[in-house]
Amino acid sequence: MTGERSEPINLDRVITWLAGLPWWVIIITVLGVSVGYSVLTSAAYLDIISFLADDPVASTEDFYNVVERLQPRVLSGLAVAYGPDEFVFRIRPPTFVNLSRDEIEEITTTGERDGETQVLVEMVGDEIAGELVWEEPDFLTLRLDDGNEAYVLTDRILGQEREPDGCTDLDEHCTVRLQIRGGEVTGVLIAEDDYGVTVRTHDPEYLRLSHAQVVDNFSGVAGELLNEFERVDGILIYEDDETMIVQVAEADIAEVPTDQIQIMRTGTIPCPSDMIPGCSDETFVSALLEDGTEVAGALVDESDDLLTVMVAEPRMVLLQKGDLLEDSRHPEGCGADDEGCQVSLQLGHRVLTNVASHDGDSITVLVTEPVFVSIPADEIISQEREELPDGEVRVTVQRSGQTITGVLLVDGRRNLTIDVDGEEVRVPKESVVSETREPEGCTSRDEETCHITVTVASELTGILSGESDEGIMLRTVDPVYRIIPLSQIAGDFEDLEPELLSQENNAVGTLVHEASDVFIIRVTDPEYETFRRERIMSEQRGVIPCPRDQDPDCEDQVWVTVRRRGEVIVGELTQESERALKIRVPGQMQSVEVALNDIVYEDRSPDGCTTETPGGCRVLVALANDTVQGVLTEETEEWVTLRTVDPEYIVLRRASIEEERRREPGQCALNNLGACDRGIFLTLRTTLMGFALALLMGLIGGLFRVSSNPVLYALSTLYVEIVRGIPLLVILLYAGFVFSVWLRDNVGIELSDFQEATIGLAFGYGAYLSEVFRAGIQSISKGQMEAARSLGMSYTQAMRHVILPQAIRVILPPLGNDFISMLKDSALISVLALPDLLQMGRLYISRTFRAFEGYNTVALLYLVMTLFLSLLVRVIEKRTALPK
Amino acid sequence: MAEPIIQIKEVHKRFRTTRGIIHALKGVTLEVYPGEVVVIIGPSGSGKSTLLRCINRLEHMDSGDIIVDGMSIRDAKNINAIRAEIGMVFQQFNLFPDRTALGNIMLAQRVVRKRSKKEAEEKAMRLLERVGLAGWADHYPGQLSGGQQQRVAIARALAMDPKIMLFDEPTSALDPEMIKEVLDVMLALAKDGMTMVVVSHEMGFARAAADRMVFMDEGEIIEITTPEKLFTNPEHERTRQFLDKILHH
């Protein structure tokens, strides 16, 4: 009963509530919903809104500069027609199949098109036999007698016999004999006679490219591109300013004497009449000669006793000259008009990698990386030292280390030959430090196998770069550097061996240098590790000599390998997972994350506490010892910093960049709205800044207006009266074209358009706000000032602590109204050529002629802002009201 | 007798209004001694309030001199320092409406006396207790009755540790049932030995607390006497007429 009754009451309540709403709420809601709906569902409006909001991109992608490089593009096929305007390529030649009668089970006509008959030819089945290797529900694999494997789909099998009967692939031997259904061939029937048929199974495919398309990266034909070429050798057959066509494979032409032909069939190869009007079809010839060979292809020439047939089409490639790195011709300087102009073209983009460092003028390429080898003291058998002229010491170390275990094969005079897991290893006897044989004293001539374990000394020569009780460190390979001026790189990487990055599509990284012809991109950021010196258990240092011969002022770097004692971390446990702990260490901004694997000791206080424990959980963890190595970058008495990962740069030429995308910190993006400075953002910023300035001017003006000082009073009255009598537009024009010019010429301060507009708006509105402030101050009863002064406050103190706080409450609503009108009046700044909301709207309309949608959107955005602001003012008013 | 704490010497004050010049004070001379309670009475427009406001220079006198605690307010370099020594209570209370009772009492202590927040708060709480409003510290003036507001105003003035308290008709704007609570506070203050100059028509208070009574009329002091004498045997005819009007109606 109660349930039934409560429903109509609720409905009544909703209706009453709705009816009780003020009329303007209802109108605004209806308008808002309908306009909002149409805006959000209309692509045009969304487009306009985006434009008016400075077209922010979604993300600035970590504010990195990204440069994307694409591969050279090559189109290959047979050039059917080429000229200054367009190319027609046969990117796929037709394929013909000759079928003899005894192969054919049945021919079915499936249709007719362009006067040609389409057929489906079913082939005679086959029988194969072999060893069953593998069997699955939908296929079998057999090993045939000739050793090949055959893969047969189950649904092609008509019948089968197995021997032994019912055997499977798991049995040792299982011979299977299969009857297989014949295949099917579909295509256009081009000839048929007593001996068989010829079917064109694939039609030729043509592609027409306009010249502009070729130049513009083959746009629109991406699917037809072949990218595998890096080097193109062939005969130049066409060349213009931007493109070349090179014949890379010659046509294979066979000459057939007519009297040797046993059977001959002919058909047509259709030409692309839709692309080349008036072209003529070619004739296809298929001939079986008396000696049993078959010749098939396009008929090139025909005489009474000789047929000339193109068995294989020539292959040509179309490429853009911009992709060429190298262009050599033979005879030198030949062109497309010359007969047999041999070209050898190198395609691809050169990229210099392994760039160690760079500055504005040159790059340093690390041609060979240094190699350091640490030898523990107990592995050193003997060493010889030699002082080099430059003060370094060359050490030759006899080192024991490698142990070889295997079967002794030959015990020769000089060498031992040992079979190590099937591989013969020859060990010089003089380098053997120790050996053990099993059975003891066995030789290779014994009947039993003789197992041997030898420890071999190896010789290592290098520059001594570190020495301690634990061992020595040798630099076995010296680094080799080349310093190359950037100007040289710009000129085609002359004399260098750049890498060809044909596999890698793009280079993504931080752009560190950009010259007119060259980019340097840091693709790997360096990583540093800083730790306390007291954590060092042992360290070895080596010098990486710098290329002093090329750069006399360069400084050597120090290579350090450090064995570190594990760190001890004490702090508050903030997070705990299965893999790691997070600990907040006092005095550090971020929590330290510690992997559980690295922890060798852990103590918690209170015992066994967790993050849930009330009062917090203090932990002490000790980490395992580890080893770091890198280039020493900074060293103090307390700290050591190593560069553990070197930065990697690549250098590439601007010409090889196909597409470049950059994300800059200053870009307007949804995750970086602060950088958006046009349209609605400019309107908001000008209004906010202008209003802040106007508030200041209004406050000062208002205080002067209530001041007892006649000069200040007169000054502020003059300001208020003059400004209130001049249209804001005129004030803005003054700010933009009079005041700013005066300031530039006389004071030397250059104002931006934005600053001019802000100052203009603030100056104009300052006068109105002065009056608002004056009225607000005067609305506070005199008694307030008297009370404050009677307590000993100065005029200023009384103003600040007693009068103004009360006055601001009074003037908040008029201030809010003025702010709203300033937002609207900010549309006037478009006269200073500032791209504010209105100006952007007009720009959009002038581009698209969508005046209706354009102004609708502009108006709507202003409306949304002002409605929101008046709501905000009202909320502030409510919240600051004094309790009664 | 000790030195007077306030010496008013031949003070003249004229107001320029649209109806011409009003001579509000015509050569008023009065001395107030430390610990004394002086009650000034007189018909409206007689210049009592003007005289009071001249003492802390809320009104500028045209001629004459007022010496407070040995300093002339006329040539005082820092009138604010003198004002801090003179507490004033207004007819309309003049509490700061945007501050709580506590905030009202703390403000000048913080701004003028530069007391720490803690110190100012402790003092304010003590004073609120003294005027019987310990539980009302967090209330805004708008939430208090007139009597409560006036008591907060007294506490606010006392927070500056003044040597002199001026009361400008402190009860005239109050409903009758609230007058007593304010007068009780003032009486207690008088008993504690505060020097007070009170403009009031509360004869009960005058009788109980006043050391001397001053009768003013038309900008002049007509009579300075003790309460007993004034009520029983006023010297001047005008005093008698005035008392007749306010005591027997």
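1. Helix axes here are lines fitted to C-alpha atoms over the stretch in contact, and angles between N-to-C directions run from 0 to 180 degrees. On that basis, helix α10 (residues 782-790) of chain A and helix α11 (residues 795-825) of chain A pack at about 140 degrees, with axes 9 Å apart. Helices (H or I, at least four residues) and strands (E, at least two) are DSSP runs, numbered from the N terminus.

2. This is a predicted model: local features need pLDDT of at least 70, side-chain atom pairs count only at pLDDT 80 or more, and totals for chains, interfaces and linings use all residues. Residues are numbered from 1 along each chain as its sequence is written, chains are lettered from A and ligands numbered from 1 in the order in which they are written, and side-chain values use heavy atoms, with hydrogens and water left out.

3. The pair α10(A) and α11(A) is oblique; angles under 35 degrees count as roughly parallel, over 145 as roughly antiparallel, 65 to 115 as roughly perpendicular and the rest as oblique. The crossing of α10(A) and α11(A) is right-handed, meaning that the near helix is turned clockwise from the far one by less than a right angle. Contact means heavy atoms within 4.5 Å. From α10(A), Q784(A), M785(A), A788(A) and R789(A) take part, and they meet Y795(A), A798(A), M799(A), V802(A), I803(A) and Q806(A) of α11(A). The residues of this contact divide into 7 nonpolar, 2 polar and 1 charged. Here Ala, Val, Leu, Ile, Met, Phe, Trp, Tyr, Cys and Pro count as nonpolar, Asp, Glu, Lys and Arg as charged, and the others, Gly among them, as polar.

4. In chain B, helix α3 (residues 101-111) and helix α4 (residues 117-130) pack at about 130 degrees, with axes 9 Å apart. The pair α3(B) and α4(B) is likewise oblique, and its crossing is right-handed. The contact of α3(B) with α4(B) divides into 9 nonpolar, 1 polar and 4 charged residues. Among them are L102(B), I105(B) and M106(B) in α3(B), and A124(B), L127(B) and L128(B) in α4(B).

5. Chain A has 13 helices and 51 strands, and buried residues make up 39% of its 884 residues. Buried means under 20% relative accessible area, exposed over 50% and partly exposed in between (1.4 Å probe, protein chains only). Chain A exposes about 49700 Å², of which carbon and sulfur atoms supply 51%.

6. Chain B has 9 helices and 10 strands, and 56% of its 249 residues count as buried.

7. Two peptide bonds in chain A deserve a look. A cis bond joins E163(A) and P164(A), with omega about -5 degrees; P164(A) lies in the loop between β10 (157-163) and β11 (175-180). Another cis bond joins H330(A) and P331(A), with omega also about -5 degrees; P331(A) is in the loop between β23 (324-330) and β24 (342-347). Most residues other than glycine have a negative phi, and most peptide bonds are trans.

8. Positive phi values come next. A833(A) has phi near 65 degrees, sits in the loop between α11 and α12 (837-848) of chain A, and is exposed at 58% relative accessible area. E169(B) has phi near 45 degrees and is found in the loop between β7 (164-168) and α6 (176-191) of chain B, where E169(B) is buried at 17%.

How values were computed
Accessible areas come from the Shrake-Rupley method with a 1.4 Å probe; for residues, only the protein chains shown count as cover.
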